Amino acid sequence: MSHPSDATALKTILIASAMLASLAAGAQTKSTADGIAEYRKMLEDGNPAELFEAKGEALWKQRRGPKNASLEQCDLGKGPGVVKGAWVEMPRHFADTGRVQDLESRLLTCMETLQGFNAAEIAKTPFGRGEQSNVTALATWIAGSSRGMKFNLPQGHAEERRSYELGKRAFFFRGGPMDFSCATCHSEEGKRIRLQDLPVLTKNPGDGLGFAAWPAYRVSNGEMWSMQLRLNDCFRQQRFPFPGFASEATIALGSYMGVNAKGAVSIAPAIKR
Amino acid sequence: MADPMRIRAQVAGDKATVRVLMSHEMETGQRKDSAGKTIPAWFIQDVTAQHNGKTVMTAQWGPAVSKNPFLQFNVKGAKVGDKITISWVDNKGEKRSDEAVVS
């Protein structure tokens, strides 16, 4: 007849050895996510997003458009010409236009008012063509100027809170032939599409994840992707009709994700496979 | 004219590590556009690296190199303040040359 304490001791040994075994297995198998993280680390050294940053910076200072003016007087929310820290506080409400704007819609406003471009015309241009590729380069440089800073979107104005609520509605809105919503993929831990881990966007997904990782350079197609293009492709993947460039729905989604990402460190421009 | 390259050259021991990012479409000539027409091949063919005016590396590239290519190599004996020049010529004869100082 065994003593009760003997049984306890045996159990402890069994548990301990089981733990050791699982530790050993954990050390051997590298998860797919680790592999992708390693690949990204290797690519970071030569992130072609740098080329777009350089282009964006030059464009900001260059006199262009029908009015032959630079964008240096553009107010991104922190005063005319202030670029550093602007990205981590957008979308936000602008008194002059009377609406909440994200970085790209704000750039359209500045390009129209300062340089004399036709904003509606640019918004209709497909991504990567003409002035649209300039908007992407500008957004890349401006976002890159806030690298390492934490997201802290203002929610003081009623319109900003309305934009957040609107974004939340859009995020959970199910529709399309597959009855998808953003939340279908982005509201649970451990979800992925093929080999890509999906960030949970209903809360802060962590530093440099989700909203804090864009704009990013996509290695697979060699394109620079801004947040507007990222959202546009999310709509495509859901088989939704394409949203208008810089439309209220896309800005509201930006507000929702940006406010949720409060405190997350921006690593933009990032590099994606 | 082609967009500028980004060149970084840093001393590491008795050599300098040079990292170059080039801005180029690098079309293979295998792709078709939305109208079904072949997109003509357009890629960097020759790459030359010079250290203080002396050629230290040449490379022949083809359509298999990615868009916006990244190139990294070491230059033995390069010191702080030395000049590194990278030049490329593509199959259309377009050229680009950029310089960086070793730091």
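## Terms and basis of the model

A salt bridge, as the word is used here, is a side-chain nitrogen of Lys or Arg within 4 Å of a carboxyl oxygen of Asp or Glu. The model is predicted, and local features need pLDDT of at least 70, side-chain atom pairs count only at pLDDT 80 or more, and totals for chains, interfaces and linings use all residues. Residues are numbered from 1 along each chain as its sequence is written, chains are lettered from A and ligands numbered from 1 in the order in which they are written, and side-chain values use heavy atoms, with hydrogens and water left out.

Where pLDDT is low, the predicted coordinates should not be read in detail.

## The interface of chain A and chain B

Chain A and chain B each bring 12 residues to their contact, and the two chains bury about 910 Å² between them, 52% of it on carbon and sulfur atoms; buried area is the accessible area (1.4 Å probe) that two parts lose on being put together, summed over both. On the side of chain A, Asp45(A), Glu50(A) and Leu51(A) lose the most area to chain B, together 56% of what that side buries.

The rule finds two salt bridges across the interface of chain A and chain B. In a salt bridge between the two chains, the side chain of Glu50(A) meets that of Arg8(B), at 3.8 Å from N to O.

## The two domains of chain A

An automatic or database domain assignment divides chain A into domain 1 (4-43) and domain 2 (48-273). Six residues of domain 1 of chain A are in contact with seven residues of domain 2 of chain A, and the two domains bury about 590 Å² between them, 66% of it on carbon and sulfur atoms. Of the area that domain 1 of chain A buries against domain 2 of chain A, Ile36(A), Arg40(A) and Leu43(A) supply 66%, more than any other three residues.

Across this interface of domain 1 and domain 2 of chain A, the rule finds zero salt bridges.

Terms used. Contact means heavy atoms within 4.5 Å.
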